[in-house]
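Welcome, and please open your viewer. We will go through the model stop by stop, with something to select at each one.

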Amino acid sequence: MRDEVIAGLTKEGQKELPSKYFYDAVGSHLYEAITQLPEYGLTRAEERILRTHAREIVVRLPAGAMVAELGSGSGRKTRWLLEALSRRRPTAYYPIEISPRALAMCEREVGGMDSINVVGVEREYLDGLREVAARRRAGQHLLVLFLGSTLGNFERPMALRFLKDVRQILAPGDALLLGTDLLKPLPTMLLAYDDPLGVTAAFNLNLLARINRELSANFDISQFEHEARFNAETSSIEMHLRSRCAQTVTVAGVEVSFAAGETIWTESSHKYAPGEIEEMALASGFGCEAQWTDDEWAFADTLLIALGENS
Ligand code: AVI
């Protein structure tokens with residue numbers, strides 16, 4: 001963390017911090033609160049999709065597939081799918097998550113379900129997925145869940161690279177259920193990342209508070225403000241932290257100077273056009289089997305099937 005933070009803050013031009021560091025104990029609770037905000041429709045939309053279409057999704061899956069989820073979250077949305085799967089046959093579920101706290105929360109949420117055997121995997125996504133893939137029986141298929149539009153937090157070329165890496169680990173016929181937030185009117189997108197209660201602002205500012213706590217830095221949090229803006233070139237909402245004045249901060253012994261108004265770029269959330277998901281899927285070796293969208297909030301869950309070499 002120290003090296004990445006210093007590299008991002010001392011970079012020429014736009015300063016940046018990696019969004020993966022949002023999720024310490026405080027940040028994870030703030031994110032959980034964000035998912036309940038009326039302005040942030042994304043999580044509820046996906047829950048509606050999975051609740052309404054769980055059976056339809058399940059009948060399209062390879063029979064007897066084991067399930068791996070990249071980023072378990074709270075497990076709340078996944079319950080609907082696991083319930084539908086377990087009605088057909090006992091199912092092994094492997095949440096893959098780097099945070100032991102998140103894994104424990106997921107195991108609590110899903111652990112008591114009949115006919116579901118939960119095995120938490122405390123690894124980075126791709127390493128964890130390799131480990132799970134190695135555990136399958138001969139001929140057994142795998143269903144990978146990558147929900148919540150986490151893919152949207154990757155820059156577009158990285159998102160494509162990631163899908164290709166996932167495909168490489170899978171066998172032809174394996175499935176990937178991918179959740180992606182879709183483009184919608186600008187005011188709706190902006191409000192989702194700049195809510196009037198200030199929960200998202202606190203989530204963003206907590207990154208500086210975390211750096212203070214863990215890297216003995218001396219950011220004066222009151223001298224930074226949250227900003228959400230739309231980048232039309234990349235179709236993404238960017239979150240920034242804007243310095244309210246000219247100031248110098250010490251982070252792990254390194255001095256970092258800010259001009260008044262200068263920002264640190266902390267996150268991008270890419271928003272997709274519906275056809276774009278199919279394009280990305282094809283370019284990474286998947287076929288698009290089906291797509292479900294929500295009526296209230298433009299969000300899509302797309303079922304992708306790993307294509308064979310000659311498909
Ligand atoms: C986790 N990720 C999909 C969220 C998003 O919408 O990009 C993180 C988030 N950032 C601000 N609000 C929520």
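With 311 residues, what radius of gyration would a compact globule have, and what does the chain have? A compact globule would come near 19 Å, and the chain has 20 Å, which agrees. That radius is taken over C-alpha atoms, and the globule rule is 2.2 Å times the number of residues to the power 0.38.

Before you select anything, note that this is a predicted model, in which local features need pLDDT of at least 70 and side-chain atom pairs count only at pLDDT 80 or more, while totals for chains, interfaces and linings use all residues. Residues are numbered from 1 along each chain as its sequence is written, and side-chain values use heavy atoms, with hydrogens and water left out.

**The whole chain**

Show the C-alpha trace: along its principal axes it spans about 60 × 40 × 35 Å. Switch to cartoon for 10 helices and 13 strands; these are DSSP runs numbered from the N terminus, helices being H or I with at least four residues and strands E with at least two. Buried residues make up 53% of the 311, where buried means under 20% relative accessible area, exposed over 50% and partly exposed in between (1.4 Å probe, protein chains only). Contacts here are heavy atoms within 4.5 Å. Of those between residues at least 6 apart in sequence, 73% join residues at least 24 apart.

**Aromatic pairs**

Now show the rings. The structure holds 14 aromatic pairs; rings of Phe, Tyr and Trp (its six-membered ring) pair if their centres lie within 6.5 Å, with planes under 30 degrees apart counted as stacked, over 60 as edge-to-face and the rest as tilted. Select Tyr31 and Phe203, a tilted pair at 6.1 Å centre to centre with 35° between the planes. This pair links distant parts of the chain, 172 residues apart: Tyr31 is in helix 2 (residues 25-34) and Phe203 in helix 9 (residues 199-214). Tyr31 is partly exposed at 25% relative accessibility, whereas Phe203 is buried at 3%.

Next, select Tyr40 and Tyr193. Their ring centres are 5.8 Å apart and their planes at 75°, so the pair is edge-to-face. Tyr40 sits in the loop between helix 2 and helix 3 (42-59), and Tyr193 in the loop between helix 8 (186-192) and helix 9, 153 residues apart. Both Tyr40 and Tyr193 are buried.

Select Ser19, in the loop between strand 1 (15-16) and helix 2. Ser19 counts as buried at 18% relative accessibility. Leaving out residues up to four places away in sequence, Ser19 touches Thr266 and Glu267.

Go on to Glu47 in helix 3, which is buried at 16% relative accessibility. Which residues beyond four places in sequence are in contact with Glu47? They are Arg76, Lys77 and Trp80.

**Positive phi**

Finish with backbone torsions. Ser115, in the loop between helix 5 (100-110) and strand 4 (116-118), has a positive phi near 65° and is partly exposed at 39%. Ser149 has a positive phi near 60° and lies in the loop between strand 5 (142-146) and helix 7 (156-169). Ser149 is buried, at 7% relative accessibility.
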